[in-house]
Every structure is written in structure tokens, then in C-alpha cells.
Amino acid sequence: MRTLEILWQRVTVGAETCERCGETGESVRRAAEQLATELAPRGIEVTLTEKTLPPFAVAESNRVFFGGVAVEELLGAAVGQNHCQSCCELLADTTDGQTDCRTLTLAGREYEALPEELLLRAGRKAAEAL
């Protein structure tokens, strides 16, 4: 059996993460379940690993990888950043209160949290390479 490994990483403080990462987390869990159902008949197992990052790693936060390849690479999305008030509040003790978080822009639309449909598209594309 082949395996499609999904890795989702985000900054946490204690057990908390920012709103964007929280929304992405919900989407990635749903996408992993959907992909597991879709890919099982093809002999592909889906695994999901959730990795916590320290507060100083905001630039690497809210990232999802399928088979070691980042969503932005799989989909041809541009990586950007913008102000994240939720992170500012979460990281208040470790930053100057001006925290920017990662965004992805695809087909002219900017995404702060990664929606399930983009994750499914990236996962399906990664599965084709297995």
C-alpha cells in the first residue's frame, strides 16, 4: 500500500493557535478524511501529522504539505503575508504586536486560511505522483 502523507504545521502558544491556523486545521482534517475515502480504492493510505511550531516560526506557520510538497508548489500559488490580529493577540508576549501571517494567492484570490477545496485539489495532485 502506498501512503500520502499530509503534514500541517502551525505556531502554537500552549494549546492555542491563531484563528487562521485554526480554520486551516479544520479544513485539513476534513480534507484528510475525504482523501482517505477517495484514495483507499486505489491502494493509497492517507496519514495526517500535525506539527506545532514555536512562536518565532510564524513565517513557516499555517503550511500544509502533501508527500513533502507544499500546497503552494502543488497548486502554483504565490506566498504572501498580511497583518493577523489573532496572531498579534496570541503572540503578544513574544512579538512587538505587529505580526504578519502567511497567505496564498491563487487565480487572483488571496487566502488567509486554506479552504478544504484547495487542500483536496493539492492532495489529489500529490496522489497522482505516487
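Predicted model: local features only at pLDDT ≥ 70, side-chain atom pairs only at ≥ 80, totals over all residues.
Visitor: What is the strand order in the open sheet?
Guide: The open sheet has four strands in the order β2-β1-β3-β4, and the pairing is mixed.

Visitor: Which strands stand at the edges?
Guide: These are β2 (44-53) and β4 (69-70). Each has a single partner strand, so one side of each is left without a neighbour in the sheet.

Visitor: In which sense do β1 and β3 pair?
Guide: Strand β1 (residues 2-11) and strand β3 (residues 63-66) are antiparallel, with four bridges between them. Within this pairing, W8 has V64 of β3 as its bridge partner.

Visitor: And how many bridges join β3 and β4?
Guide: Two bridges join β3 and β4, again in the antiparallel sense. F66 stands opposite V69 of β4. The two strands form a hairpin with two residues between them, and G67 in the turn has a positive phi of about 60°.

Visitor: Are the faces of β3 covered or open?
Guide: Both faces are covered. R63 and F65 are buried on one side, and V64 and F66 are buried on the other. In a regular strand, side chains alternate between the two faces of the sheet.

Visitor: What does R63 pair with?
Guide: R63 forms a salt bridge with E60 at 2.6 Å, N to O, and another with E72, also at 2.6 Å. Salt bridges with shared partners join E60, R63, E72 and R102 into one network.

Visitor: Within that group, is E60 buried or partly exposed?
Guide: E60 is partly exposed, at 34% relative accessibility. R63 is buried at 13%, and E72 is buried at 10%.

Visitor: How many salt bridges are there by this rule?
Guide: The count is nine. One of the salt bridges joins R20 and E112, with the closest N and O atoms 3.3 Å apart. That pair links distant parts of the chain: R20 belongs to helix α1, whereas E112 is in the loop between β7 (109-111) and α4 (116-128), 92 residues apart.

Visitor: Is R20 buried or exposed?
Guide: R20 counts as buried, since its relative accessibility is 8%.

Visitor: Changing topic, which residues form the negative surface patch?
Guide: The patch is formed by E19, E23, E26 and E89. Helix α1 (residues 19-39) gives the most to this patch, with three residues.

Visitor: Where does E26 lie?
Guide: E26 lies in helix α1. The residue is partly exposed, with a relative accessible area of 46%.

Notes:
Residues numbered from 1 in each chain as written. Heavy atoms only, no water. Patch = residues over 30% accessible without salt bridge, like charges linked within 9 Å, V, L, I, M, F, W, Y side chains within 5 Å. Areas by Shrake-Rupley, 256 points an atom, 1.4 Å probe, with all protein chains shown as cover. Salt bridge = Lys/Arg side-chain N within 4 Å of Asp/Glu carboxyl O. Lys, Arg positive; Asp, Glu negative; His and termini not counted. Charge placed at Lys NZ, Arg CZ, Asp CG, Glu CD. Buried < 20%, exposed > 50% of the residue type's maximum accessible area, 1.4 Å probe, protein only. Pairing = 2+ DSSP bridges.
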